[in-house]
Amino acid sequence: TVMTKFAPTPWRGDAKAVVEACRGSAARLGGDSVDLMQVHMPDIIQPFARFGVENRREEAHWDGLAECYHSGIAKNVGVSNYGPTLLERAHDHLAKRGVPLASNQIHLNLLYRRQGSLATVAKGKELGVATLAYYPLAMGLLTGKLTSARLRNKKDLRSRELLRYLEGGEPPRGPFAFPNTAGTIPKGGMRTLLLVLEEVAAANEKTPAQVALN
């Protein structure tokens with residue numbers, strides 16, 4: 001399956017831009033169409049929002065998806081990082097144009113169920129929109145292969161944050177800290193979860209990663 005995305009920005013946000021992005025991706029991939037074209041995120045890059053001026057163009061993005069679908073350059077269309085309310089709006093808007101909304105890609109795994117992710121999954125089920133998870137194995141944490149010993153001497157921000165998940169600790173501080181999505185992690189980190197994953201995996205002759213994905 002070949003998938004591509006359109007990232008809305010202040011300088012490209014109309015329906016034509018979505019179509020051109022899809023056509024360009026298909027050409028670079030050596031084909032005439034893609035299996036799935038998604039809008040990468042809501043139209044949240046609003047440089048003048050601090051002055052009370054916003055120009056949200058989600059409906060134009062959805063019109064672009066519809067044009068991609070009807071023209072045949074996208075066999076399916078979807079969105080990404082949409083919450084329940086915007087997902088329903090996108091679904092209804094596309095339905096009026098005879099276009100099924102195939103998917104919504106969100107951050108979701110056994111460690112991350114915050115910021116309305118479960119409500120978004122439920123809304124997707126209600127609407128018949130498939131949820132696609134990114135970071136499904138939490139950057140490798142749910143495979144059981146990342147250990148404290150492997151991460152302890154690494155100095156990059158990502159490794160330090162992964163180590164915090166494994167062992168627990170306060171969230172990082174400062175402008176150059178790795179993006180925090182977990183808050184304070186109790187001492188012992190995710191050790192209990194890993195032990196359960198390994199136990200279930202062994203009982204079913206599977207790997208911890210297979211259990212985490214299912």
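The chain contains eight helices and five strands, where helices (H or I, at least four residues) and strands (E, at least two) are DSSP runs numbered from the N terminus. The model is predicted, so that local features need pLDDT of at least 70 and side-chain atom pairs count only at pLDDT 80 or more, while totals for chains, interfaces and linings use all residues. Residues are numbered from 1 along each chain as its sequence is written, and side-chain values use heavy atoms, with hydrogens and water left out.

Along the sequence, the elements follow the pattern β-α-β-α-β-α-β-α-β-α-α-α-α. The C-alpha atoms fill a box of roughly 50 × 50 × 35 Å along the principal axes. Of the 214 residues in the chain, 40% are buried; buried denotes under 20% relative accessible area, exposed over 50%, and partly exposed the range in between (1.4 Å probe, protein chains only). The chain exposes about 12,300 Å², of which carbon and sulfur atoms supply 54%; accessible areas come from the Shrake-Rupley method with a 1.4 Å probe, and for residues only the protein chains shown count as cover. Among contacts (heavy atoms within 4.5 Å) between residues at least 6 apart in sequence, 63% join residues at least 24 apart.

The five strands form an open, parallel sheet in the order S1-S2-S3-S4-S5, two strands being taken as paired if DSSP finds at least two bridges between them. Strand S1 (3-6) and strand S5 (130-134) stand at the edges with a single partner strand each, so one side of each is left without a neighbour in the sheet. Neighbouring strands are turned by 30 degrees against each other on average, direction ignored. S1 and S2 are joined in the parallel sense over four bridges, and Thr4 has Met37 of S2 as its bridge partner. Helix H2 packs on the sheet, where it touches S1, S2 and S3, and its direction makes about 150 degrees with that of S3. Helix H4 (residues 117-127) lies across strand S4 (101-107) and S5, running at about 170 degrees to S4. For these angles, axes are lines fitted to C-alpha atoms, for helices over the stretch in contact, and values run from 0 to 180 degrees between N-to-C directions.

Within helix H2 lies His61, which is buried at a relative accessible area of 0%. Apart from neighbours within four places in sequence, His61 is in contact with Phe6, Pro8, Gly13, Val18, Val39 and Asp43. Ala74 belongs to the loop between helix H2 (58-71) and strand S3 (77-80) and is likewise buried, with a relative accessible area of 1%. Residues up to four places away in sequence aside, Ala74 touches Cys22, Val34, Met37, Cys68 and Tyr69. The C-alpha atoms of Ala74 and Leu36 are separated by 5.9 Å, although these residues are 38 apart along the chain.

Two non-glycine residues with positive phi may be noted. Asn81, with a phi of about 65 degrees, is placed in the loop between S3 and helix H3 (84-95) and is partly exposed, at 28% relative accessible area. Glu205, with a phi of about 55 degrees, lies in the loop between helix H7 (191-203) and helix H8 (208-213) and counts as exposed at 74% relative accessibility.
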